[in-house]
Amino acid sequence: MFSSADLKTRALELGFNLVGITPAQPSPYLDSYFRWVEAGMQGTMGYMARPDRQDRRRDLNVILPGVQSLVVVGLDYASAAIPDDVLHDPSRGRIAAYAWGLDYHDILTPRLEALANWLQTASGQQTNHRVYVDTGPLLERSHAYQAGLGFTGKNTMLIHPRRGSTFFLGEILTDLEFDTYDSPGKATLCGTCTRCLNACPTNAFPRPNVLDARRCISYLTIEHKSSIDTALRPLMGNWVYGCDVCQDVCPFQRFASPTHEVAFYPPNLDHIAPKLVDLLALDDATFHQRYYGSPIYRIKRERLVRNACVAAGNWGHTDAVLPLKHLLSDPSPLIRTHAAWSLRQIMGDDSRDFLQAHLLHETDSPVREEIQSLLESGS
Ligand code: SF4
Ligand code: SF4
């Protein structure tokens with residue numbers, strides 16, 4: 001058996017802010033998870049419903065034969081408060097705080113591997129392990145709760161009572177046993193609070209602790225690859241990558257402290273709240289240069305510009321008209337569709353002649369259908 005105290009000391013030395021250890025058992029919330037998947041609330045994230053993934057969630061031995069323990073770590077990412085004039089500037093797109101700096105996978109994964117390798121050396125045994133940073137088949141928030149890292153809020157986030165929820169989670173599965181294990185704390189400390197449920201711009205919580213990803217701005221701007229439901233677009237405000245609303249309003253966030261990880265600090269304002277007109281004008285080369293190494297890079301230019309079109313439509317300012325008109329010639333039908341919607345939002349009936357002229361040479365059926373529907377809907 002290995003000393004849990006030694007493991008925790010090493011984890012903190014490596015820079016993690018939180019660490020807990022729990023026996024490797026399936027999540028007690030598996031049934032709720034399966035009901036959530038059956039209801040289709042994962043949207044187009046089909047991997048969540050894959051049978052092999054579900055088998056691994058039911059039995060962690062499928063991931064690592066002989067697994068005994070789960071080490072769960074947390075690393076703070078909140079880096080800076082946004083100045084009010086930027087926060088309330090609708091001409092800028094908003095980016096969720098976890099994506100302001102470098103990609104957290106690139107920071108957490110090697111550090112978790114270092115911790116796992118140290119564990120093997122320090123134990124003097126031939127051990128096996130797997131590390132995960134939100135990519136694995138684990139219900140990581142549930143395991144983090146079991147490991148004593150916090151409780152699950154009504155906003156479905158894992159919340160540490162003295163740290164809020166702005167920290168990344170990572171896990172090591174190991175076949176090593178520890179001398180002591182952590183116990184979960186209280187299942188909830190939300191009490192009668194409903195701030196997060198009331199504040200969600202898209203009503204993505206059908207009930208407390210249940211998030212319908214299909215309505216969530218984080219899902220819509222990042223995971224969802226195709227056209228965004230026109231009924232949801234006006235509710236998305238100026239978020240262009242993720243959304244922090246249900247965390248920002250949570251009273252436990254007052255305990256969040258700035259991260260000591262410089263990698264999570266934004267290099268400039270473009271990584272917090274870029275000007276929408278700049279996003280609309282992004283080409284592939286500029287996108288690569290600006291966002292390589294950031295989590296934003298994974299959605300590529302097409303989805304970021306699509307999101308910027310929605311935000312520009314919600315901004316409603318004529319400064320966006322010219323770049324949006326240019327985007328009607330973009331090679332991506334997805335971008336053309338959202339640019340047309342945005343022009344209709346901003347220009348109302350004044351967009352009619354322009355959109356009708358565009359229809360004369362638009363060849364993509366879904367784009368044609370959306371523009372025709374926009375023209376029929378009036379302004
Ligand atoms: S991230 Fe935003 S859209 Fe998603 S549930 Fe929270 S408040 Fe709602
Ligand atoms: S805002 Fe209130 S209800 Fe929501 S997670 Fe925080 S404490 Fe719980």
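Mentor: One term before we start: a cavity is a set of grid points where a 1.4 Å probe fits but cannot get out, and its lining residues have an atom within 4 Å of a point. Also keep in mind that this is a predicted model.
Trainee: Okay. How many cavities of 30 Å³ or more are there?
Mentor: The count comes to one. The largest cavity holds about 80 Å³ of space.
Trainee: Which residues line the largest cavity?
Mentor: Its lining is made of Gly153, Lys154, Asn155, Ile159, Cys190, Cys193, Arg195, Cys196, Cys246, Cys250, Pro251 and Phe252. Sorted by class, that gives eight nonpolar, two polar and two charged residues.
Trainee: What sits in the largest cavity?
Mentor: Ligand 2 does.
Trainee: And which residues surround ligand 2?
Mentor: Around ligand 2 you'll find Gly153, Lys154, Asn155, Ile159, Cys190, Cys193, Arg195, Cys196, Cys250, Pro251 and Phe252. That shell splits into seven nonpolar, two polar and two charged residues.
Trainee: Let's zoom in on Cys250. Where is it in the chain?
Mentor: Cysteine 250 belongs to the loop between α9 and α10 (276–280). Its C-alpha atom is 9.5 Å from that of isoleucine 159, and the two residues are 91 apart along the chain.
Trainee: Is Cys250 buried or exposed, and why?
Mentor: Cysteine 250 counts as buried because its relative accessible area is 12%, and the cut-off for buried is under 20%. Cysteine 246 is buried too, at 17% relative accessibility.
Trainee: With those cysteines about, how many disulfides does a search find?
Mentor: Zero, and that search covers the whole structure.
Trainee: Switching over to ligand 1: what surrounds it?
Mentor: The residues around ligand 1 are Cys200, Pro201, Thr202, Ala204, Phe205, Leu211, Cys216, Ile217, Cys243, Val245 and Cys246. So Cys246 takes part in the shell of ligand 1 and in the lining of the largest cavity, going by the 4 Å cut-off for being near a molecule.
Trainee: How does the shell around ligand 1 divide by class?
Mentor: There are ten nonpolar residues, one polar and no charged ones.
Trainee: New topic. What can you tell me about the second largest pocket?
Mentor: The second largest pocket has a volume of about 410 Å³. It has 18 lining residues, and the closest to its centre are Ala78, Ala80, Ala81, Trp100 and Asp248. The elements giving two or more residues to that lining are α4 (84–87) and α9 (245–248).
Trainee: And by class, for that pocket's lining?
Mentor: Nine nonpolar, five polar and four charged.
Trainee: Where do they lie?
Mentor: Threonine 156 is in the loop between β5 (151–152) and β6 (158–159). Asparagine 203 is in the loop between α7 (195–199) and α8 (217–223).
Trainee: Buried or exposed, for each?
Mentor: Threonine 156 is buried, with a relative accessible area of 12%, whereas asparagine 203 is exposed at 53% relative accessibility.
Trainee: Great, thanks!

Definitions and conventions
Residues are numbered from 1 along each chain as its sequence is written. Chains are lettered from A and ligands numbered from 1 in the order in which they are written. This is a predicted model: local features need pLDDT of at least 70, side-chain atom pairs count only at pLDDT 80 or more; totals for chains, interfaces and linings use all residues. Side-chain values use heavy atoms; hydrogens and water are left out. On a 1 Å grid over the protein atoms alone, a cavity is a set of points where a 1.4 Å probe fits but cannot get out, and a pocket is an open set with protein on both sides within 12 Å along at least five of seven lines; lining residues have an atom within 4 Å of a point. Grid points are joined across faces, edges and corners, and a volume is the space filled by probe spheres set on the points. Helices (H or I, at least four residues) and strands (E, at least two) are DSSP runs, numbered from the N terminus. Ala, Val, Leu, Ile, Met, Phe, Trp, Tyr, Cys and Pro count as nonpolar, Asp, Glu, Lys and Arg as charged, and the others, Gly among them, as polar. A molecule sits in a cavity or pocket if more than half of its atoms lie within 2 Å of its grid points. A disulfide is a pair of cysteine sulfur atoms within 2.5 Å. Buried means under 20% relative accessible area, exposed over 50%, partly exposed in between (1.4 Å probe, protein chains only).
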